[in-house]
Amino acid sequence: MAGSTVIRFPAGPPPSVRSVPFDVQFFAQERTEPATPKKRQKVRSEGRVCSSKDLTAAVEILTGLVALLLLGPFIYGLLFGLLQLSIRFMGDGLLMREGWFRSIFIEAVKNYFFSWLPLGLLVVVLAVAVVVWQVGWTITVEPFKLNLGRLNPISGMKKILSLRSLVELLKGLLKAAVFALVIYAAIKDYLPVSLRAMQLSLGHGSVAFWNMLWSLAMRLAVMLLIMALVDYMYQKWEFERSIRMSRQEIKEEYRQMEGDPQIKSKIRQKQRELAKKRMMASVPKADVVITNPTTLAVALEYDRELMSAPQVVAKGRGVVARRIREVAQAHGVPVIEDKPLAWALFEGVEIGEEISEELYRGVAEILAMVYRLRAG
């Protein structure tokens, strides 16, 4: 064409285009998938569970304070009785008698034991309940086994400089700052009250100081519980992130549980071959083979003494149907063409099953014809 310009590009990619290798397996190795139940069970057996020590400590402190408030009169009564007994020993000259130490020692142990036992049991029970709520019942000795890798200084430095260590440091600083603010606010509020309490009698002043200490302790315990709940949520998130699996790991786990798909495919192929051989071995014993005539073939056997109805001993289509016809002709089994009956038998009756009542008439006519041929 006149006046037109033809531009020819050199063979190969343009100079500005570079060939960069791309590894699809890189993305398959990324841990982006949630852990499977099997992986979770394995992690639990190794002693790796999600737990927050701060939550357990906060529950213990809060439980102890509440139990102390509820059991205070009971504990006060026992300890006051022990104090009265001690004063009576000193005032009545009982210290000069033999065995005075054993009697007062036994009484002191008994009073202390019964006064603090309910409080201790309540704290222990709730602490155990919190731990079980977090991690469940997990008993393992894996964390106590000797692991020389823990003595590696490089691994130790990695743990010190890890994100977890930074979070723990920030968490400690935050707790110290919050506690300092709570204590400062409490002192600022209670300072005038404490100054007035110092001018009261011993009993009233002690009650006033006790109320201030109790209020401050409850504030700190509630703040510690709130921070512990936040820490538990973070521990849960970090634990779930640490046990994530890649898609390749999930495939390998599935392969270990279900077996290699290639091996399973070969096993199914062998099973089909064995079933086909057994089926072909039953064709020579059949009474008749019904075809359509080229696509399908169904072999029937009928023994009046053993069967209530004729039974399908072999069936197939395509190559299998041709093989059934060849085996039947080689062993003198009659091959009869009946398209509707062949399709009904092929689709409605499985190998080894007896025919249904709807097919009795058609099969009976063919068997009668076969028996007449044999008799003739």
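What is the order of the four strands in the open sheet? In this predicted model, the order reads 5-4-3-6, and the pairing is mixed. Strand 5 (311-317) and strand 6 (335-337) form the edges, each pairing on one side only. From one strand to the next, the twist averages 25°.

Let me turn to strand 6 and its partner. Strand 3 (residues 288-291) pairs with strand 6 in the parallel sense, over three bridges. Thr 291 stands opposite Glu 337 of strand 6.

Two helices pack on this sheet. Helix 11 (residues 339-348) touches strand 3, strand 4 (296-301), strand 5 and strand 6, and its direction makes about 75° with that of strand 4. Helix 12 (residues 360-375) touches strand 3, strand 4 and strand 6, and its direction makes about 130° with that of strand 3.

I now come to the aromatic rings. A search of the whole structure finds two aromatic pairs. Trp 133 and Tyr 232 form a tilted pair, 5.2 Å centre to centre with 35° between the planes. This pair links distant parts of the chain, with Trp 133 in helix 4 (residues 100-135) and Tyr 232 in helix 7 (residues 202-242), 99 residues apart. Trp 133 counts as exposed because its relative accessibility is 55%, whereas Tyr 232, at 12%, counts as buried.

Tyr 234 and Trp 237 form a tilted pair at 6.0 Å centre to centre, with 35° between the planes. They are three residues apart in helix 7, and therefore separated by about one helical turn.

Finally, the charged end of Lys 315 sits over the ring of Phe 346, 5.1 Å from its centre.

Technical notes
Residues numbered from 1 in each chain as written. Predicted model: local features only at pLDDT ≥ 70, side-chain atom pairs only at ≥ 80, totals over all residues. Heavy atoms only, no water. Phe/Tyr/Trp six-rings, centres within 6.5 Å; stacked < 30°, edge-to-face > 60°. Buried < 20%, exposed > 50% of the residue type's maximum accessible area, 1.4 Å probe, protein only. Lys NZ or Arg CZ within 6 Å of the ring centre and 35° of its normal. Pairing = 2+ DSSP bridges. Axes fitted to C-alpha atoms, helices over the stretch in contact; angles between N-to-C directions. Contact = heavy atoms within 4.5 Å.
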